[in-house]
Amino acid sequence: MLVGRRAEQRAIERLVASARLGTSGVLAIVGEAGVGKTALIDDALGRLGGMRVLRATGVESEREIPFGMLLQLVRPALDVLDGIPAIQAAALASALALPGASAGVPGSSALDGRDRFAVGAALLSLLCRYAEDGPIAVIVDDLQLADAPSASALVFAARRLAADPVVALLGVRTPDGDAVVAGLPALALGGLDVDATRLLVAAARGRDDTEEHVQALHRATAGNPLAVLELGNAERELLDSLETGMPLRVSRAVSDAFGRRLAQVDDACRAVLLVAAVCGVDLRLIADACSSLGFDVAQLEAAEDLSLVTVRDGRVEFRHPLLRAAVYSGASVHDRRAAHRAAAIAAAPSDLDRRAWHLSEAIWHPDAGTAELLTQVGERAVGRAAYSVASGAFERAARVTPDADARAARLLRAADAAWAGGDGGRAIALLDQWREHAGAEPGPAVRAIELRASIAARTGSLREALDLLIAAASRVDSADTTAIALADAVHATYYLGDARTASSLADRLDGLREHVNEPRARALALMASGMARTLAGRGGADDIRAAVPLLESDPDLSHDPRRLSWLLLAPLFLRDATSGARLRAVVDEVRGAAGVGALPAVLFHVARDESTTGASWARAEADYTEAIHLATETGQATELAMSLAGLAWLESRAGRADASRAHGAEAAALCAARDIHVGEVWVALALGDLELSLGRAEAAAERLLALGALLERLGLDDVDLRPGPELTDALLRLGRRVEAAGVARDYRDRAVDKGQPWALARADRASGLAADEGDFDALFESALGWHEQTLDRFETARTRLAYGSRLRRAGRRVDAREPLRGAFEAFSDLGAERWREHAADELAATGEHVRRAGTNPLADLTPQELQVSVLLAEGRTTREAAAALFLSPKTVEYHLRKVYTKLGISSRDELARVMAAEA
């Protein structure tokens, strides 16, 4: 009987009704033990009216079985597994260990490309495909007791349900499961009021109780239904408790009440209950374990008569998880170990996971056989992307490993798996344990340092990552391994803006060059050396160019999620029209197969390339937005900060002042807190150039001069980071011609030293702006010649605008029209609103009639709608776009309908034309 929950019932009824109409609803039902979560869920099940139900319950005894809860949940839906994208189907089949599924390569690194979020994306696709045949309900109770990989996948999918006929109800005990469902809509259950408590007591006793007793019971239990039912007959204890003036601790009080119930059963029944508590819900397993111990499983009948357990359909379920805990904790250590040993013996030979976990609980001393079995379980879990389970298996294996070296190796593997599962804190704790057992071998020590560095770099502790990588490079004899560690260190210096350290690392890499043999090591060493020298203003372009063919010819590099972004560093640093075309194509080919955990870094670099080449600002914005979303969800502070900075810079060019300032402020705060100085540089340049586009020359000059001072402090001498042309323009507008000419000369000297067309074009533009009347033509023509060797349409348009403006001011209005027309068209195509208006004003001043542009039709689209539009305009199907964006096909169609309405179109052909016209 459910009493006192009418408001909660109505909330669930609304979600169910919405799901029937095609709008997803997700609700985490949270509350303390015994507050009635299961009762509310059972009530909801009775109100689903023919909906197909996928249901599972978390069981504590199965928390270490990888994806055990998930398999229980989706088993009825597996018939439609072939209807989801093949990559996702393979990931889910592997996770669930379905027949014929590949479980990965045992012994490979836990950071090897299988992604802990891929299963969540696959689950989302499966649920939505299953719902295509009619509304479904996804019901999970005691989610806090489920295995971590299942819970993670379920919550990942739940966060992305939107436009599908799916209702999801997740029962979660607080505070145990608060972190599990963080961010999901929640319905918090509190205790019943006095009236509902009175009804509950009357229903339980079959008669009304005294008002005094009901009031006392309600005060003591705060209306917790389970406590009310279990303590309703314990009047003396209840009154004793009330004398203290303090309410009961519900979990403790209920556990004590369950303990009193257990005292009513004999030793034989209690022994069988212990086996049930150890084995889980499978009656066959419980019976076999009891048989091996000489117990009679029929004793469960007595327990059922006392309402301690329910036995039906081959399952044994305790009345409440707290009762199971009371049975287990009330047994002696010897009896618990015996029950675990019996469960291990009873487990099927193929059930390696269950057998290993029970054996590990059955022993207290080192045992090589059990350690090896646990290690096998860990490797299998890695192959299924169940990294948290794998980490636990490796750690348990280490505990019972007799050999010190093997113990240390398993602890290191446990840390590796923990980080792959996204638990950096646990990984660090395991690395600390590893240090206590580590031997003198340099190889494991280097791997441990690199793991610490990876955790530090991705979570924003770049200085720590740099120090660790430099230390790792000093501890190995292999030139290849040293070169890779130093290359990763240079990558950290890039984000830190630490050109001085980068330069010294480049010298070390040069000293290793003739000893490096492995192709990947050579490619990364050349690339890193070139980056370091570029940052320090010491050349570097030749090394980067030499790295390009090596990067292009390494097929494994494109499948390494940690290094995929390296493929885009070459075109980003060289900024010319010829280098990196093949690298861009490779990244575009494989980015869709990258896991969610690897995508923030990949999308950030792709977006930076798109926004600096003028390829597609709409797509760049979509990629930045997705990178920000995923970096936030996966806790990748470095990628989040850089993506925000890049987006602020793009919005500055596009003339969206408020958005640029907001994202710039967010990025600057993150960068300052984590010493991500190159992000600070990007933000400063974005905001300074924004002021210039708004006609606020003094504010622009102030910001850009401050940027120059920051670059000097950091020792960053890459001319591409310097705002020379922008500062020259701002100073000239303020009438500070001598100062502007000095800035232009300094910038030109640096650009000539670098020798790359992008910088040389900007240098000639700055010089042309500051030149005397008779000298500027040659400088601007030279700038446009250099621009032809680059892909940056925005910079080319800026030069045309500057040239046309000077021609007009010199009285050469007819000559001015051609460069100004080119600038106007380019700014219009790109969506650079402010700069287009400047070009239009200049053209109008030459006497030419200018078609003033209307509003960019894409401006009203949300980031999600823009992402959908970009992918569909490229020719992807709905399912392909859904897989790429980790959405359901119906959610993609939902966003597409909104796009059609906003753009006033009705077909994908029209969408493609609009996107092509605007991008």
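What follows moves from the pocket to the rings, and then to the backbone.

This is a predicted model, in which local features need pLDDT of at least 70, side-chain atom pairs count only at pLDDT 80 or more, and totals for chains, interfaces and linings use all residues. Residues are numbered from 1 along each chain as its sequence is written, and side-chain values use heavy atoms, with hydrogens and water left out.

The largest pocket holds about 1400 Å³ of space. On a 1 Å grid over the protein atoms alone, a pocket is an open set of points where a 1.4 Å probe fits, with protein on both sides within 12 Å along at least five of seven lines, and lining residues have an atom within 4 Å of a point; the volume is the space filled by probe spheres set on the points, which are joined across faces, edges and corners. There are 47 lining residues, of which T38, D42, D141, F318 and R319 are the closest to the centre of the pocket. Among the elements that each supply at least two residues of this lining are α2 (37–45), β2 (52–57), α12 (267–279) and α15 (321–329); such helices (H or I, at least four residues) and strands (E, at least two) are DSSP runs, numbered from the N terminus.

The whole structure contains 10 aromatic pairs, where rings of Phe, Tyr and Trp (its six-membered ring) pair if their centres lie within 6.5 Å, with planes under 30 degrees apart counted as stacked, over 60 as edge-to-face and the rest as tilted. One of these pairs joins F156 and F886 edge-to-face, at 6.3 Å centre to centre and 85 degrees between the planes. It links distant parts of the chain, since F156 belongs to helix α6 (residues 148–160) and F886 to the loop between α44 (878–885) and α45 (889–903), 730 residues apart. Both F156 and F886 are buried, a term that means under 20% relative accessible area, whereas exposed means over 50% and partly exposed lies in between (1.4 Å probe, protein chains only). F780 and Y803, by contrast, are stacked, at 5.0 Å centre to centre and 15 degrees between the planes. Because F780 lies in helix α39 (residues 776–787) and Y803 in helix α40 (residues 793–809), this pair ties together parts that are 23 residues apart in sequence. F780 is buried at 0% relative accessibility, and Y803 is buried with a relative accessible area of 7%.

Helix α28 (residues 566–574) has 9 of its 9 residues buried, and is therefore largely enclosed by the rest of the structure. R575 follows α28 and has a positive phi, near 55 degrees. R575 also lies over the face of W758, at 3.9 Å from the ring centre, a charge being counted over a ring if NZ of Lys or CZ of Arg is within 6 Å of the ring centre and within 35 degrees of the ring normal. Leaving aside neighbours within four places in sequence, T790 is in contact (heavy atoms within 4.5 Å) with R575, D576, A577, P757 and W758. T790 itself sits in the loop between α39 and α40.

Most residues other than glycine have a negative phi, and most peptide bonds are trans. A cis peptide bond, with omega about 5 degrees, joins T174 and P175. D313, in the loop between β6 and β7, has a positive phi near 55 degrees and counts as exposed at 74% relative accessibility.
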